[in-house]
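Please report on the local structure of this model. Cover strand pairing, helix packing and the metal site.

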Amino acid sequence: MKRREFIKGAAVAGAATAAATSTLSTPAIAQGVKELKLVTTWPKNFPGLGTGAERFAKRINDMSGGSLTVKVFAAGELVPPFESFDAVSNGTADMYHGAEYYWQGKSKAFNFFAAVPYGLTATEQSAWIHHGGGQQLWDELSAGFKVKPFMAANTGVQMGGWFNKEVNSLEDYKGLKIRMPGLGGEVLRKIGAAAVSLPGGEIFPALQSGAIDATEWVGPWNDLAFGFYKVTKYYYYPGFHEPGTTLSVGINLDVWNSLSTEHKAIIEAAATAENDYTLAEFNARNNDSLNTLINQHNVVLKKFPDEVMYAIGEASGDVVGGVRSDSAITAKVLDSFLKFRKQSIAWSKLSDQAYWNARILPFKYAS
Ligand code: CA
């Protein structure tokens, strides 16, 4: 029997009792219960991220009638947040809930399965993963580390971040110490800023102590919860670096292969449901939270100037294209992503983008 597969003492006792009295016959007791350990990169019950991981676990527990249970460990409870991937890869934990760009030190290709600068929106990302060959490439990449990955949440378009001073030109980025993970951080370094990647729980103290001058996190709902408004004033949009960030679940490949067809289907369905459900939650909560930030905490909302967004776009293209030399698999992922991005831009221009432009025309509407 594998280390992770065990029959709970109570279940063993129950089965013995059932055999003796024939009064207990639930499948979980008769067949044993499989329990998986899930580690996360998020603080316990953090809105949308930690709560999304808990809800994912509950869906699996409920759908399996308790025959497959998932126990969630918040950042640091079992392993430090950024060691979640290694913990699953080496079998210390069974699953992680995190964001793939945190593992870019292993392969730059991981960035594409979270978010890359000026990349895909949430719906475009789902289209690539489910119907554009993305999942197959992701499986191939992660299998090299003994992990099976799934999309499990999406934040939608993120905000540009929190700054102590106004950003009016590229010059204003020079020397700024900014928290930004993934390829977005590399773009900032290319334009002269000092970017660092910190787990969520470490951002506020770093900002408060002056160890960093600015930070991005997610959007109003999440950023309000961390209280960045207490130490910074300017809140910039849009986030060039994360246009629809996928959060993911990865499962140890041996554990995945050991699961029944039913349990595999349950995990996949729970991940797909959460990917949709969390995006809806972010979209529902962000605007109210933004109003709270502005009206109750006097945050100053600012839009990055177009010339800054343009220049960062050029730098983003260089950084994203530059990952080609990382490895053969990264080059393969990049090619697939670039092809899909091109077709997404063509279709979005006629669909979402055209509609949004039409909807903000100043016509009268029911009130
Ligand atoms: Ca972010």
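Strand β1 (residues 34-40) is mostly covered, with five of its seven residues buried. Buried here means under 20% relative accessible area, exposed means over 50%, and partly exposed lies in between (1.4 Å probe, protein chains only). Helices (H or I, at least four residues) and strands (E, at least two) are DSSP runs, numbered from the N terminus.

This is a predicted model: local features need pLDDT of at least 70, side-chain atom pairs count only at pLDDT 80 or more, and totals for chains, interfaces and linings use all residues. Residues are numbered from 1 along each chain as its sequence is written, and side-chain values use heavy atoms, with hydrogens and water left out.

From β1 the chain passes through helix α3 (residues 50-63) to β2, in a right-handed β-α-β crossover. Right-handed means that, with the strands pointing away from the viewer, the path from the first strand over the helix to the second runs clockwise.

Helix α5 (residues 122-131) has a buried set: A122, E124, Q125, W128 and I129. They lie on the same side of α5, because they cover an arc of only 165 degrees around the axis. The arc is that of the directions from the helix axis to the C-beta atoms. T123 and H131, on the other side of α5, are exposed.

What do the buried residues of α5 pack against? Their partners are α6 (134-143), β4 (147-154), β10 (246-252), α11 (261-297) and α13 (328-350). Contact means heavy atoms within 4.5 Å. Q125 has a relative accessible area of 3%. Not counting residues up to four places away in sequence, Q125 touches F112, F113, A114, L120 and T246. Just after α5, G133 takes a positive phi of about 90 degrees.

Now the metal. The calcium ion is coordinated by Q158 (OE1), E216 (OE), E216 (OE), W217 (O) and E242 (OE), at 2.2 to 2.7 Å. Donors are N, O and S atoms within 2.8 Å of the metal (3.2 Å for Na, K and Ca); water is not among the atoms, so sites may look incomplete. Along the chain, the donors of the calcium ion follow the spacing Q-x57-E-W-x24-E. Are E216 and W217 buried or exposed? E216 is buried, at a relative accessible area of 0%. W217 is also buried, at 3% relative accessibility.
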